[in-house]
There are 2 protein chains.
Amino acid sequence: MLGEIIAIGNELTSGRINNTTSGFAAHHLFEAGFDIYAMHTIGDTPTLIGEALKRALGRVDFVLVTGGLGPTDDDLTTEAVSEALNRPTMPNLEILSLIRQHLDANGNQPSTSLEKLAWLPEGAETLSPKTKMAGYQLVHGGKPIFFLPGIPHQMRTLLIEQVLPRLSTWYKGYQLTSTQRVYKIFGKHEHEINREIKKLALSEEVEIGYYPVFPDVHLSMTIRGKDENTTDLLARKSCRLIRDKLGLSIYGQDRETMESVVGALLLRENKFLSVAESCTGGLISHLMTSVAGSSAYYLGGVTSYANSMKTTYLGVNDSLLEKYGAVSREVAIAMAQGMRERSGADISISVTGIAGPGGGSDDKPVGTVFIGLAEANGTKALHFLFSGNRHEIQQLTAQTALDIIRRHLLMDS
Amino acid sequence: MLGEIIAIGNELTSGRINNTTSGFAAHHLFEAGFDIYAMHTIGDTPTLIGEALKRALGRVDFVLVTGGLGPTDDDLTTEAVSEALNRPTMPNLEILSLIRQHLDANGNQPSTSLEKLAWLPEGAETLSPKTKMAGYQLVHGGKPIFFLPGIPHQMRTLLIEQVLPRLSTWYKGYQLTSTQRVYKIFGKHEHEINREIKKLALSEEVEIGYYPVFPDVHLSMTIRGKDENTTDLLARKSCRLIRDKLGLSIYGQDRETMESVVGALLLRENKFLSVAESCTGGLISHLMTSVAGSSAYYLGGVTSYANSMKTTYLGVNDSLLEKYGAVSREVAIAMAQGMRERSGADISISVTGIAGPGGGSDDKPVGTVFIGLAEANGTKALHFLFSGNRHEIQQLTAQTALDIIRRHLLMDS
């Protein structure tokens, strides 16, 4: 079953806003066994919208349209669809009454701008009016078309809760079985991984893709077929071969992130972490706490951006800072030790470096980073020279620090 | 002058990777006076690639193709182009010699996988071989086609340094003059802004767009025309009206971010900031230090995720934590004061709250947040109830905290 995705909005074709919703939809449709023939992004221009929709209806089995359903003057999707498919708009009474309730509750005058949301093309079935999210379904020429708002979190909710179940019911039995696994790899180049995987001589039915997703490389393995047992067996065998070949370089798979993997290891070992950051400025701490439940293993940290913070909060000696400079192995070690002692953590990590663009020297160029790790048996520090812009150096440093914790916990256990 | 953008990769149509490069290209092409007719995303399938390219050549003035130029087996763009445009591939000697030098330098054997990068369609002109980035230009039927790698930072570099100057030279004089301004607004809903802007009755030539970009709303004003003086004058007048109407709700414009605006205000006032974070877990600190040069006004902070961190590092009294709980006005005030006193900052901000999904209660549901601000004249704390998932509540809290600093600095000056 093939589908097309059409994203609408001048904010997208002018590049003002990056389209994140089409990729999200493609991902979930693919996982549900549907293939995407193409994704298009076009402006809020009724003729273009109509053309794209009619072309898609002529060649695929379903269409997903996002954007242009809002209350403002530049939202033109419904008008365009009405015109292109020759379905006059008419007011949906349920939506109209919800809008009036909302306006009453807020003591507002009736607003023609909001009421615009209630006018839908003939035959439209609303998706979830009670949630106050725009979105409807049309069936045209026997093919379902879904219209979703362009606002990412609304679009995501409606796609998962409404579109996927409806589509699966509609095309029951036509979907291919699909097994996909994504391995996340840090610290190896795309073509090195390609070379190693080639040696495995995997079956031709196993489709392998390599995707640099800074700062990682993702390796995807996809097997599709009619028979679930066959694809499952082949998938299990291929996964084992890939895992054996790449070993510790694979830090996680599918939805796992470096920070979720580190969190799970800390939890398993019943250890608490704290973090002393300089050039990463809080990024490591932010990553650790982006995982729900992180308070079970993460205490917190200090962002010692200024040298005074390193002495006051981490107990780094002024003389060390003077003798070796803030970006040095000695200061990284003192930061990690100071952090561990005062916070009472089992493991503390520290980073100090030069993220740039300024602050580099011949001796310590931009990208110079020291990462320290303190634990019960002692403290060590590693020296790195990363390349990239400020943002990239910060990301590389944070990911490397987390990877050091991961490898430490794996070796230790 | 109209263009189309074609992004290639199974990782994109399967939604494994989100396409960020097309939006980036659209943005810069639009700013340079080119319009994008449509953007397409298709898989690594030679027939689809050929079709999309030929259709685009039939209706627009230039085409930008990204992705599928790498050394791995699944990179098929060049083969597809060679076939579709009937231009056999041949080795580019400059690239071949660079690859061999690279392999020699690393003591590696010749690699057919890397040498694949040197084979280009007949007539291809390389864009920037010395940078070791794939990318070339073809002129077909009098129209330029640019092929760039899909790796975001390479694509961005080549677009800015190679494609834009080449395209501007090629179509010199055909571009429309375009003035665009984007206002960034925090704390107001899209349709409220729409209602206020409508009252201004701006000229019809002024195109206004409203885009919720969580947690902000962006308002874009675009004026295009043949005569630069006329559009400039109209733009200046319209900008003044919009700014007067929306006042302090506009926190910045164009490339400015909340954190760059707060940074510039701190620098102007010659004040230093430090931050005590709980539920945002380092996000505010990360945002502040994502701006180059932030060490001129940002000292650092403490992420006191565990209660023990609040007492040890921020001097928050145990009795306060027991009596009011960690998420309370009293603790927010104590955190901000403790942070300011020990760090020696002029201004300190604190946040404590419940980002969820767990940890909420009837009394303090998920989304409850207290933000404290301490400065020379005293300390205050504000109470918020945000809605959304964990990630959204963290983002809303961080942006609100930064906005509180911004408004404080503006009122104070």
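Q: What makes strand β2 of chain A and strand β2 of chain B a pair, and in which sense do they run?
A: In this predicted model, strand β2 (residues 35-42) of chain A and strand β2 (residues 35-42) of chain B are joined by three bridges in the antiparallel sense. Pairing asks for at least two bridges, so the three bridges between β2(A) and β2(B) qualify. For a spot to look at, M39(A) has T41(B) as its bridge partner in β2(B).

Q: Which strands stand at the edges of the open sheet of 12 strands, and what makes them edges?
A: The order of this sheet is β6(A)-β7(A)-β8(A)-β3(A)-β1(A)-β2(A)-β2(B)-β1(B)-β3(B)-β8(B)-β7(B)-β6(B), and its pairing is mixed. At the edges are β6 (125-126) of chain A and β6 (125-126) of chain B; each has a single partner strand, so one side of each lacks a neighbour in the sheet. Parallel pairing is found in chain B, where four bridges join strand β3 (residues 62-66) to strand β8 (residues 143-148). There, V63(B) is opposite I145(B) in β8(B). Helix α3 (residues 46-59) of chain A packs on the sheet and touches β1 (2-8), β2, β3 (62-66), β7 (136-140) and β8 (143-148) of chain A, with its direction at about 175 degrees to that of β1(A).

Q: Why is the relation between chain A and chain B that of a two-fold axis?
A: Chain A superposes on chain B by a rotation of 180 degrees with 0.0 Å of shift along the axis, at an RMSD of 0.0 Å. That is the relation of a two-fold axis.

Q: How do you know that the copies meet through the same surface?
A: The interface residues of chain A are, to 100%, also interface residues in chain B, so the same surface is used by the copies. The contact takes 72 residues from chain A and 73 residues from chain B. On the side of chain A that touches chain B, there are 29 nonpolar, 37 polar and six charged residues.

Q: Why is α2(A) called roughly parallel to α7(A)?
A: Helix α2 (residues 21-31) and helix α7 (residues 152-170) of chain A have axes that come within 10 Å and cross at roughly 20 degrees. Angles under 35 degrees count as roughly parallel, so α2(A) is roughly parallel to α7(A). The contact involves T21(A), F24(A), A25(A) and H28(A) of α2(A), and P152(A), M155(A), R156(A), L159(A), I160(A) and L164(A) of α7(A). By class, these residues are seven nonpolar, two polar and one charged. The crossing of α2(A) past α7(A) is right-handed.

Q: Why is α8(B) called oblique to α9(B)?
A: Helix α8 (residues 190-198) and helix α9 (residues 228-246) of chain B pack at about 125 degrees, with their axes 10 Å apart. Roughly perpendicular covers 65 to 115 degrees and roughly antiparallel starts over 145, so α8(B) is oblique to α9(B). Here I193(B), E196(B) and I197(B) of α8(B) meet I242(B), K245(B) and L246(B) of α9(B). Four of the contact residues are nonpolar, none polar and two charged.

Q: What makes β10 and β12 of chain B edge strands?
A: They belong to an open sheet of four strands in chain B, in the order β10-β11-β9-β12 with antiparallel pairing. Both β10 (207-213) and β12 (250-253) pair on one side only. Strand β9 (residues 177-185) of chain B is joined to β12(B) by three bridges, and K184(B) is opposite G252(B) in β12(B).

Key:
Residues are numbered from 1 along each chain as its sequence is written. Chains are lettered from A and ligands numbered from 1 in the order in which they are written. This is a predicted model: local features need pLDDT of at least 70, side-chain atom pairs count only at pLDDT 80 or more; totals for chains, interfaces and linings use all residues. Two residues are in contact if their C-beta atoms, placed from the backbone, lie within 7 Å. Ala, Val, Leu, Ile, Met, Phe, Trp, Tyr, Cys and Pro count as nonpolar, Asp, Glu, Lys and Arg as charged, and the others, Gly among them, as polar. Helices (H or I, at least four residues) and strands (E, at least two) are DSSP runs, numbered from the N terminus. Axes are lines fitted to C-alpha atoms, for helices over the stretch in contact, and angles run from 0 to 180 degrees between N-to-C directions. A crossing is left-handed if the near helix is turned anticlockwise from the far one by less than a right angle, and right-handed if clockwise. Copies are superposed by least squares on the C-alpha atoms of residues with pLDDT of at least 70 in both.
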